[in-house]
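Keep the sequence and the picture side by side as you read.

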Amino acid sequence: MLTSGFATEKCDHGNITASLRKLQTCMNAEDDTGEDDICYEFKSSRDCVTNNLQECFTEADVERIAKETVADIRIASSNLLLNPAFQKSQGVFLTEAQVDALYSSCPNIPDKIFLENMESKPFSALDAVTTDGNCTEIEVNKVNTGECVKSEMEIAKSQI
């Protein structure tokens with residue numbers, strides 16, 4: 001039964017799902033508060049993770065998920081800032097060293113060594129849950145690395 005699919009020591013599947021939905025809503029919220037602060041999105045995202053997951057996950061898991069989330073945002077924003085078309089459209093030309101220097105002033109942001117060693121996962125929280133026994137660790141990892149999505153996409157394409 002799907003409603004008992006995931007659990008933690010603190011929450012059942014329904015509460016985990018609710019926490020993750022709240023997290024997604026928080027992460028997608030439009031907020032112009034820190035428009036001029038390059039560190040604002042990192043702090044805001046970290047706060048979203050902490051505020052929405054602390055009820056269901058351990059402090060260590062919340063910290064890991066927050067760090068991985070902020071790292072993913074740093075990677076995406078760095079890629080955007082270093083994109084030649086974006087730079088041209090903004091009239092700003094930055095090197096990777098300059099972008100790194102911008103981010104170095106932000107508190108609680110993972111450094112480049114962490115970024116280089118981190119395995120990006122679409123669902124960082126999956127590492128912190130147990131399943132109802134119907135999913136092996138290998139199957140959960142397939143979902144978390146996108147392998148499952150890729151193989152299901154191929155199956156769907158073949159049926160069209």
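Is Glu68 buried or exposed? Glu68 has a relative accessible area of 10%. The cut-off for buried is under 20%, so Glu68 counts as buried. Keep in mind that this is a predicted model.

Glu68 has a charged partner. Its side chain meets that of Arg64 in a salt bridge, 3.3 Å from N to O. Both residues lie in helix H3, four residues apart. That spacing is about one turn of the helix. Arg64 is partly exposed, at 23% relative accessibility, whereas Glu68 is buried.

Another of them joins Asp47 and Lys43. Their closest N and O atoms are 2.8 Å apart. Asp47 and Lys43 are four residues apart in helix H2, so about one helical turn separates them.

How accessible are the two partners? Asp47 has a relative accessible area of 30% and is partly exposed. Lys43 reaches 52%. The cut-off for exposed is over 50%, so Lys43 counts as exposed.

## A bridge between helices, and a network

Lys112 forms a salt bridge with Asp100, with 3.2 Å between the closest N and O atoms. Lys112 sits in helix H6 and Asp100 in helix H5. They are 12 residues apart, and the pair links distant parts of the chain.

Lys112 is partly exposed, with a relative accessible area of 28%. Asp100 counts as buried, at 19%. Which residues do shared partners join into one network? They are Arg74, Glu96, Asp100 and Lys112.

## Three disulfides

How many disulfides does a search of the whole structure find? It finds three. Count the bonded cysteines along the chain, and the pattern reads 1-5, 2-4, 3-6.

Start with Cys11 and Cys56. Their sulfur atoms are 2.1 Å apart. The link is left-handed, with -85° about the S-S bond. Cys11 is buried, with a relative accessible area of 8%. Cys56 is buried too, at 1%.

## Linking H1 to H2

Next come Cys26 and Cys48. They form a disulfide with sulfur atoms 1.9 Å apart. The torsion about the S-S bond is about -75°, so this disulfide is left-handed. Cys26 lies in helix H1 and Cys48 in helix H2, so the pair ties together parts that are 22 residues apart in sequence.

Where does each cysteine stand on accessibility? Cys26 counts as partly exposed, at 29%. Cys48 counts as buried, at 3%.

## Linking two loops

The remaining pair is Cys39 and Cys106. They form a disulfide, and their sulfur atoms are 2.1 Å apart. The torsion about the S-S bond is about -85°, so the disulfide is left-handed. Cys39 lies in the loop between H1 and H2, and Cys106 in the loop between helix H5 (96–104) and helix H6 (112–117), so the pair ties together parts that are 67 residues apart in sequence.

Cys39 has a relative accessible area of 13% and is buried. Cys106 is buried as well, at 6%.

## A negative surface patch

Which residues form a negative surface patch? They are Glu30, Asp31, Asp32, Glu35, Asp36, Asp37 and Glu41.

Take Asp37 as one member of the patch. Asp37 lies in the loop between helix H1 (13–28) and helix H2 (40–53). Asp37 has a relative accessible area of 41%, so it counts as partly exposed. Cys39, in contrast, is buried at 13%.

Definitions and conventions: Residues numbered from 1 in each chain as written. Predicted model: local features only at pLDDT ≥ 70, side-chain atom pairs only at ≥ 80, totals over all residues. Heavy atoms only, no water. Patch = residues over 30% accessible without salt bridge, like charges linked within 9 Å, V, L, I, M, F, W, Y side chains within 5 Å. Areas by Shrake-Rupley, 256 points an atom, 1.4 Å probe, with all protein chains shown as cover. Salt bridge = Lys/Arg side-chain N within 4 Å of Asp/Glu carboxyl O. Lys, Arg positive; Asp, Glu negative; His and termini not counted. Charge placed at Lys NZ, Arg CZ, Asp CG, Glu CD. Buried < 20%, exposed > 50% of the residue type's maximum accessible area, 1.4 Å probe, protein only. Disulfide = S-S within 2.5 Å.
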